[in-house]
Amino acid sequence: MKKIFLIDDDPVFVYLTRKIIGRTQYSCEISEFPDGELAIEYLTDACGKIELLPDIIFLDLSMPVMDGWEFLKQYSEIRPRLKKDICLFIVSSSISPQEVERSKTFRAVSDFLVKPLGKAKIVDIINSCEETG
Amino acid sequence: MAPALTFLNKDPEKSQISSWLPSGQPLEKDFDQLLLLASQICDTSIAAITQVSKGHTFFKAIHGWDCQEIGWAPEKDESTNEAILLIKDTLLDKHFSCHPLVKGEPNIRFYAEIPLVTDTGILLGHLCVMDKKPGSLTDLQVSTLRTLAKSILCFLSLKSQLKEFKKNDDLAVRNEELMETIFHDAIDGVIVSDENGIILKWNPKAEEMFGWRAIEVIGKPFYDTVIPGRHQAAIHSLLIKYQKDNEEHITGNAVEIHGRRKDHTEFNIELSISPATIRQGRYFIFFVSDITDRKLTAEKLDKQKVFYENILNKLPTDVAVFDGGHRYLFVNPAAISKEEYREFIIGKDDYEYVKYRNREIAVADVRRARFLEVKNSGKEVRWEDSLPDPDGNIITHLRRMYPVYDDNGDLTLVIGFGIDITDRKLMEEKQTAYVKQVSVQNTQLIDFCSIVSHNLRAPLVNISMLVDFIESSEDPDEQKLLISKLRPVIDNLHDTFNELVESIQIRRNLEIKSEDVCLNDCIKRTVDGLQTEITKLDACLEMDFNEGSVIRYPPQYLNSIIHNLVSNSLKYHQPGRKPVIVMKTRKVNDSVILSVSDNGLGIDLVKHKENFFKIGKVFHRHPNAKGFGLFMTKTQVEAMGGKIWVESVPGNGTVFYIEFTNQKRKAS
């Protein structure tokens, strides 16, 4: 049972992503956070409790209140305290090469994925996290 | 023992007279005949002229014996000075018996002496007669001896005068030789003429210069010989003038004129004429210098001067040269075009000049400060200054000032250059404006890319995913649900698209007309539109437009700006706190600054500074936050050349400032 966090303010995208994950053979527990601030607050509180931490994070960049970049900054700070190895993927509608480059400056980021996400891609991701986890 | 002649050197007259019979000199042969006469008159074998000094007797001249000096002197009183001393038999005289010429050869027995006293009473010596046998003198013999003594004095006096004459004569000869040498070796031509200008003397230098030998020209008129025809009359009349003036001090009147050689070639000379009167005769002395070389050098210098002045005067650059005290030594016409001012400024400083031109003293202050900076640092200084020209146009100069030192390291000059860079300056300003515009456009382009990728692509992705699901779904209910989800996505895409189009229109619409818009009207419109929210929140709006209640601006932009800011203040109010929105205007130069402050949630500017006015950026979890308002407001402000900025403290409130430029009111 994989724990997946969707950090994205777009309800349609979240709805669709849930649907795609539902169509895979994996049973997953999905949590939603509409902005980075809510997500970082949760993770800061849960950093020592392995059972509350996700296996995979899908992070949108363009969000109100706290965007993906600010989240990454704060996430990098709490990451050493996290009791679990978490695979973090940026999932953005942006196709800007600058943002792809910028994402590489964060070691916490496993990959930069461009929306839309297909079922095959999500299966790959869950599989790869299986291996490393 | 009385020293007979020792007092002689006591005053100049005595000293001069004593030189008639100088001591220590050999015997005077001149007196031989006189002494022979004395011995014959007195019938003695010896006669002599003696001088007594320091207990010794010197025989200045002697006849009948040969002796120069003996260590003995007659012993007598001063009172007996003028009397005759007569010793009939020396052996009977206690003192004379010790006389060396008595004791030894020639064994004198008779001795008599007459003092040689001048008219002024000075004793020069004695005339004495001696014999080997005792004897005496008759009155006649004594009186003849006295006459003889007088003759001796007379002879001595004449001899002395003769000597003096001879000395003067020598001097005259020497002077003449000297004059002749000067005349011959003079580096100038020296020509002497009589009062009619007829040449009397012609020195070798004149021969060399003019090619005439002295013998060829002596006796000819000066002006006829060496002056070209056209100048002769002038010189002639000058000589006549000198003749009449009869004033010796007309000298040094050097004239530059042409001289004519024997071969009729001409050359440049400097001629000075000195009239002279010598023993009632009137003469002219002409001094002639060949100034061909000097003239050539002067011409060369003049040419050089013209050359450099041409450069300096025609240079399109301002040039000013100062002395160490900041006084003007030179300014070229580019610096000061009016000759009158240019002449005035020489030798003066900027303070005198600004006073003269009725300019502000501050101009001189600035220039003095720069000068001192150069002087004290010893280095070049550069600056730009802008001054209005007579037509009121601002002219900008790039100025450079640098010191010039001599070999000793002393400051000799300070040179200032000024180049009119008004055109360049305008170009620079234009360029800066272009660069700014390009950079703004570049930022806008990047923003636009980001808008396209985030704000347009995101809904498109959603639509495409939803369509995929709809197509793959076989459940009609699910299909219905998915289709219902399409609507908000499409609406969002539509809104974003419209905002973008509008913002591009604002940027492109350079023709949009500004009008005088009354802020109060504008606010009334906003309040009407937002009445529901204002009533619901019991919001309070305060206005203070004392410093500007009318803004010149496109009305639709101003309405939109005010609407956006007020609605933001209402939207992001602090829950549980009655919203207070204060709007004020402030005049700053030509601008009016509108501030809109609230007591709402505030924004963390440290976090959000970069994204503040970007499209699609929202900072609060608010259901209606779309991130369009501030983006559009900024676009509307900047399109008209204005500025927008923000101050905020989270929890306390936010103040937006908008600068409306070019709001200078026409005088009414």
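Residues are numbered from 1 along each chain as its sequence is written, and chains are lettered from A in the order in which they are written. Because the model is predicted, local features need pLDDT of at least 70 and side-chain atom pairs count only at pLDDT 80 or more, whereas totals for chains, interfaces and linings use all residues.

**Stop 1: the contact between chains A and B**

Select the contact, which takes 17 residues from chain A and 21 residues from chain B; two residues are in contact if their C-beta atoms, placed from the backbone, lie within 7 Å. On the chain B side, helix H13 (422–472) and helix H14 (476–508) each supply at least two residues. Helices (H or I, at least four residues) and strands (E, at least two) are DSSP runs, numbered from the N terminus. The largest share of this side, 12 residues, comes from H13(B).

**Stop 2: helix H19 of chain B**

Next, select residues 629–639 of chain B, helix H19, where eight of the 11 residues are buried. A residue is buried if 20 or more other C-beta atoms lie within 10 Å of its own, exposed if 12 or fewer, and partly exposed in between, with C-beta atoms placed from the backbone. Among the buried residues are B:Leu630, B:Phe631 and B:Val637, together with B:Lys634. The buried residues pack against H14, helix H17 (555–571), strand S22 (643–649) and strand S23 (653–660) of chain B. Just after H19(B), B:Gly641 has a positive phi of about 85°.

**Stop 3: helix H2 of chain B**

Turn to residues 32–42 of chain B, helix H2, whose buried residues are B:Leu34, B:Leu35, B:Ala38 and B:Cys42. These residues lie on the same side of H2(B) because they cover an arc of only 95° around the axis, the arc being that of the directions from the helix axis to the C-beta atoms. The face turned away from the buried side carries the exposed residues B:Gln33 and B:Gln40. B:Asp43, which follows H2(B), has a positive phi near 55°.

**Stop 4: helices H2 and H3 of chain A**

Finally, select residues 36–46 and 68–78 of chain A, helices H2 and H3, which pack at an angle of about 10° with their axes 9 Å apart. Axes are lines fitted to C-alpha atoms, for helices over the stretch in contact, and angles run from 0 to 180 degrees between N-to-C directions. H2(A) and H3(A) are therefore roughly parallel, a term for angles under 35 degrees. Residues making the contact include A:Ile40 and A:Leu43 of H2(A) and A:Phe71 and A:Tyr75 of H3(A).

Conventions:
Parallel < 35°, antiparallel > 145°, perpendicular 65-115°, else oblique.
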